[in-house]
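Subject: Structure handover and notes

Dear colleague,

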Amino acid sequence: MNVPLLNLSRQYRSIKKDIDKAIKNVLDKQNFILGEDVHKLEEEVAKYCGTKYAVSCASGTDALILALRAVDIKSGDEVITTSYSFVATSEAIHRVGAVPIFCDISEEDYNMDIKKMEKLITKKTKAILPVHLYGQSIDMTSVNGIAKKHKLKVIEDACQAMGAKYKNKMVGNLGDVAAFSFFPTKNLGGFGDGGILTTNDKSIYDTSKLLRTHGMGQQYLHIEHGYNSRLDTLQAAVLRVKLKHLDKWVEQRRSNACFFNKSFENIPVVIPKQMKNCYHTYHQYT
């Protein structure tokens with residue numbers, strides 16, 4: 001039996017009417033760059049995460065780069081991050097001229113080992129960039145405690161964790177700034193590349209908006225070297241439709257995970273401790 005890892009066509013068919021309507025609306029208006037849907041998506045994602053601000057951009061990688069720039073990470077600075085993540089995490093650090101310092105992971109959840117993190121801090125360390133891997137939040141109480149002690153910025157790589165919570169608080173609202181990806185395979189995925197960052201800091205918000213559009217403060221007045229990193233309106237329209245279904249989809253994923261954990265419980269495989277703490281009881285599958 002061939003079970004695909006992901007079936008995007010099935011998801012599309014379930015919301016086809018709303019998706020097609022949203023796309024048609026953009027086509028009718030012909031406003032493809034920073035259109036109304038982009039601004040509304042930013043407002044809706046900020047509300048969803050519980051932050052004051054959100055800034056969309058061209059990819060999750062760009063969201064990390066913008067976040068690093070917005071907290072003033074510069075050439076030669078050190079940023080502590082995980083040794084186990086997609087390459088974009090360390091790539092973003094490198095792209096701003098900083099140096100990724102890799103922290104080993106915990107066997108419990110495959111996130112950064114908090115016990116080893118503080119030992120990596122030097123005079124050059126300016127930030128900690130934890131990754132909420134596989135939708136599992138790292139222990140942000142400890143991360144923020146270490147950051148506060150050493151006066152470091154905290155940048156959440158939440159690209160795999162839209163909809164995850166830590167102590168009843170949404171990821172993306174746990175550090176100074178957070179980055180999300182809208183790559184099609186994510187649980188909130190577009191029909192192409194896309195990303196967004198969230199923050200409660202007005203300065204980070206303003207800087208990120210400036211950088212994503214060639215550093216342009218006002219039309220054709222460029223006050224910073226920035227990027228061409230805008231989320232197009234078609235993607236925003238699609239994502240706005242999908243965002244309404246996100247919680248339901250996340251719950252279905254958790255339900256599926258519980259089913260497989262129950263099915264494999266007598267097979268000698270290693271299941272991370274956090275993954276065993278399912279939200280559902282097993283009786284519904286027996």
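This is a predicted model: local features need pLDDT of at least 70, side-chain atom pairs count only at pLDDT 80 or more; totals for chains, interfaces and linings use all residues.

Residues are numbered from 1 along each chain as its sequence is written, and side-chain values use heavy atoms, with hydrogens and water left out.

Helices (H or I, at least four residues) and strands (E, at least two) are DSSP runs, numbered from the N terminus. In general, the strands of a sheet pair through backbone hydrogen bonds, either parallel or antiparallel; here two strands are taken to pair if DSSP finds at least two bridges between them.

The sheet is open and has 7 strands, in the order β1-β9-β8-β5-β4-β2-β3, with mixed pairing. Because β1 (53–57) and β3 (99–103) stand at the edges with a single partner strand each, one side of each is left without a neighbour in the sheet. From one strand to the next, the twist averages 25 degrees, where axes are lines fitted to C-alpha atoms (for helices, over the stretch in contact) and angles run from 0 to 180 degrees between N-to-C directions. Within the sheet, β8 (residues 177–181) and β9 (residues 195–199) run antiparallel and are joined by 5 bridges, and A178 stands opposite T198 in β9.

Two helices lie across β1, β8 and β9: helix α3 (residues 36–49) runs at about 130 degrees to β1, whereas helix α8 (residues 202–212) runs at about 15 degrees to β1. Contact, here and below, means heavy atoms within 4.5 Å.

Helix α3 also meets helix α9 (residues 233–243), their axes coming within 8 Å and crossing at roughly 35 degrees. This crossing of α3 and α9 is left-handed, a term used if the near helix is turned anticlockwise from the far one by less than a right angle, with right-handed used if clockwise. Among the residues in contact are L41 and Y48 of α3 and L239 and R240 of α9.

The axes of helix α4 (residues 60–70) and helix α5 (residues 88–95) come within 9 Å and cross at roughly 40 degrees, and the crossing is right-handed. The residues that make this contact include L64 and L68 of α4 and A92 and I93 of α5.

Best wishes
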